Every structure is written in structure tokens, then in C-alpha cells.
Amino acid sequence: MAPTYDVIVLGLGGMGSAAVQHLAERGARVLGLERFGPAHAHGSSHGGSRITRQSYFEDPAYVPLLLRAYELYDRVERDSGREIALLCGGMMVGRPECRTVAGAVRSARQWGLPHEMLDAREIRRRFPTMHPHDDEVALYEARAGLLRPETTVAAHLQLAAQAGAELRFEEPVTGWEELAGGRGVRVHTAENSCTAGHLVICPGAWAPGLLADLGVPIRIERQVMYWFAPEGGTEPYLPRRQPVFVWEEADGVQVYGFPAIDGPSGGVKVAFFRKNGAPCTPDTIDRAVAPAEAEEMAAAMRRVTPTLPGTFLRAVTCMYSTTPDEHFVIGRHPAHPGTTTVACGFSGHGFKFAPVVGEIMADLALDGRTAHPIGLFDPHRFAAAATTEAAVGARGGAR
Ligand SMILES: Cc1cc2nc3c(=O)[nH]c(=O)nc-3n(C[C@H](O)[C@H](O)[C@H](O)COP(=O)(O)OP(=O)(O)OC[C@H]3O[C@@H](n4cnc5c(N)ncnc54)[C@H](O)[C@@H]3O)c2cc1C
């Protein structure tokens, strides 16, 4: 008997919601299965805002994907009638040689992206909330800004349903196996089991449990988002005056922040990028945030934007799924290449790519290949590293 669906998508968060949309829009018979409700706050795609930017300090190889993600975000907004992006400008701040600034400059130059370089005086003049040291500079990008993650997920799901996808919530996948002859997969949930020609897995922080045979060491980290009411009110932090920013300190610690988008009493959101990422699982994560954590955040912000950490309002936890090289994992599953495609390990910087990841998932699931450059995200890369290390070890080589 032919499988019931062409594709089943496990996980309807940032990436899976985009995958069901693209698959359904291409005419595939799609079933999406999600452990929680639509656009929930238990994974990695909540908290009201995510930074988006193009002069990507992590690696210039991300830039073509970002350009496509911007196009697709425009399309999702138009087609869903929802407002997702607020391109209020963005700054990468620090000493000229630090990764945040030098990496951003490298991507901007390599891809000819519009940007401005600001010295400390110019930063202070244009953005009076920000207090750089004299030796700090910024790459300013007018096309950077923020995305609203819950609205994005809701918009993807809306468009997927409109295109005919069947979406089931509160229905976690409990297991799956390949059908005889590699014709597809049988996927089990507590209530049901169903078959599909292909399985797309977008598990977020549930990756280590669900993808034990993937061969990729993914570390799940607890990360905290903080909201503060600035001293003197939110006016100087409104989006027409305040850009998003990532600011790297001399010790390499990065803090980042957003403009005030939640009204006069909503405060301003800030966070550490990667610092203090305590290992956790979705079951063990400590959702309570200690006063000492908020104090540490306030102290870090006081140095760069002194009026911002006026009064602490609230904090919310979230999870990063971090790979050893902090690059994503996207491709056919190495142990099940004929039937299964994975997208995981987004290492705390994946949201801005969600729609293009959805497009890539549809390419890989339906065609087995994609024209997008995803070499950096090959799931085999850690297995290859482990084999080389083992061979060097066996030969008694230096480690
Ligand atoms: C604090 C914080 C700040 C961030 N800031 C930025 C930023 O500024 N810019 C940026 O680009 N990125 C940012 N990121 C990263 C970005 O948000 C993530 O990379 C992205 O949201 C990951 O999406 P995902 O689909 O992989 O995970 P999720 O959105 O968590 O989706 C995974 C889904 O799988 C479901 N699931 C798991 N197991 C099962 C199962 N067995 N059956 C059914 N469903 C299942 C889960 O319920 C969940 O809905 C940030 C992340 C955090 C935590």
C-alpha cells in the first residue's frame, strides 16, 4: 500500500512550521505533528523578538541564505497579512579587530552589502543611549532589525493550512521506523501511527533524545531573555531611535538588545549571547531566573547603555541547541538518507533563517537536493572529524 502522506514533519516550531508551508505549497500531501500548541513558549521560538541582520559575523557563507530569507519573510508577511519584521537598523559594536565587528565587515565587503562604519563619537552622536569606549567602533546596517517569532510561526502555520497541510497539535511523536524496502516511514504518536514517503525532523532542543543516531553532538543550553524599564522612560529606545545591537566586550562576551517594541510599560529586551549557557534538557531546564542573574545582566548593560537597566521587569528562559562549531545541521539523516531529512543544531542564531530552512527542507524531502549553499551544515562533518581523530589516536599521533 502506498504511504498515506508524501511527507510527515516532526516539530512545528520555527523551522518545522516553515517546512510544512513550503511542502504544502508545492502540492505535497503533508502532515505536521507538534508536541505542544501552535507558537508555544516551551522550545526556542518565543520571547517576542529575534535579531535579523545580513553582514553576518559568523561566516560569509550564510549571506546568500540571509538574502533569500529576507525575500521569503516579505512574502510570508504579504501572504499572511501579518507584521513580522521591523527593520529598525542594527549595529555590530566592539573593537575593530573583534569577531563581531571584523566578521561583519568581512561579510559586508565580500557580498557588497550596504553598511556604514561608525567611530565611537559618531555612535554617541547618532545613538545617544549607547556609550562606547573611545576605541570601539560599529558596523551599522540599515536592513538589520527584528523579527517576531510567535507571529512568524503562526503565519507559517496559517499558510501551510491554507495550502492543504494537515496539522496536529498536542500530539508528540513517540517513535518511527522505515518501511520495508525503504519505501518510506511509519511514524507513531500516542494515539496513532501513520505512514509517509519521507520524514522531516525539526526537533529544536529535543534533538539529542530524538536523533541519538545522527552522529552530531548537540548541547542544549539554558539561555535567559531579560526585560528592563529604562531610567527616564522608553522614548529614547523606541524603534525609530534605537537599533538592535550585538556588542562584544574586550573579554569576548557578547550582549545584545532590542528597541522598545512593547509599549510604554513593556520595557526593553536584552540578553547575553551564549554566556552562562547551563547544559539542560527540555525536561530539566530551570525556568526560574534568580535575582543574581538579573543583576549580572544589569551590570553588563550598564557599561554599554547606562540608562537601560533602570528597573528589572521580568525574565524568560529559552534553549539553544549548540553544535561544536556553532554551525547548523541540515541534510539527509546519515543513517536513513533515503527516508529522513533533519534540521537542528541552530546554535542560538537560527531564527532569521527559518523560511529559507523551510524551503531547503522541501527541496531535500521532495527532490533529494537543493540549490542553496548548505555545505557548512553537513550532518556528516562531525563523524568525519571523529574518524580522523580516532585514526590519529590509533597511529599514536599528537592530539
Ligand atoms: C534566548 C534566545 C535568543 C535567540 N535569539 C536569536 C536571534 O536574535 N536571532 C536568531 O536568528 N536566532 C535567535 N535564536 C535562535 C532561534 O530562535 C532558534 O535557532 C530557532 O528558534 C530554532 O527553531 P527550531 O524549529 O529548531 O526549534 P523550536 O522552535 O523549538 O521547534 C522545535 C519543535 O519541535 C517540537 N517537538 C520536539 N519533539 C517533538 C516530538 N517528539 N513530537 C512532536 N513535536 C516535537 C517542539 O515542541 C517544538 O515546537 C535565539 C534563541 C533563544 C533561545
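1. Start at the ligand. One of its oxygen atoms sits 2.8 Å from an N or O atom in the side chain of Arg50. Note that this is a predicted model. A nitrogen atom of the ligand lies 2.8 Å from a polar backbone atom of Val173. An oxygen atom of the ligand lies 3.3 Å from a polar backbone atom of His349. As for cover, the ligand on its own has 1000 Å² of accessible area, and the protein covers 97% of that.

2. Next, the shell. There are 33 residues around the ligand. Those that come nearest are Glu34, His40, Ser45, Ile51 and Cys318. By class, 18 residues of the shell are nonpolar, eleven are polar and four are charged.

3. Which elements each supply at least two residues of the shell? They are α1 (14-25), β3 (50-52) and β18 (311-322). β18 gives the most, with three residues.

4. β3 belongs to an open sheet of three strands, in the order β3-β8-β4, with antiparallel pairing. Its edge strands are β3 and β4 (85-86), each of which pairs on one side only.

5. β3 and β8 (residues 145-147) run antiparallel and pair over three bridges. Thr52 stands opposite Gly145 in β8.

6. Now β5, residues 90-94. Is this strand mostly covered or mostly open? It is mostly covered, as five of its five residues are buried. Gly90, Met92 and Gly94 point one way, while Met91 and Val93 point the other way. Residues on both sides are buried. In a regular strand, side chains alternate between the two faces of the sheet.

7. Which strands does β5 join? One is β7 (residues 137-141), antiparallel to β5 and joined to it by five bridges. There, Met92 has Leu139 as its bridge partner. Another is β14 (residues 244-248), parallel to β5 and joined to it by four bridges. Here the bridge partner of Gly90 is Val244. Both senses of pairing rest on backbone hydrogen bonds between the strands of a sheet.

8. To sum up two points for checking on screen.

Notes. Residues numbered from 1 in each chain as written. Predicted model: local features only at pLDDT ≥ 70, side-chain atom pairs only at ≥ 80, totals over all residues. Heavy atoms only, no water. Near = heavy atom within 4 Å. Polar contact = N/O pair within 3.5 Å; in protein donor to acceptor, adjacent residues only side chain to side chain. Areas by Shrake-Rupley, 256 points an atom, 1.4 Å probe, with all protein chains shown as cover. Nonpolar A, V, L, I, M, F, W, Y, C, P; charged D, E, K, R; others polar. Pairing = 2+ DSSP bridges. Buried < 20%, exposed > 50% of the residue type's maximum accessible area, 1.4 Å probe, protein only.
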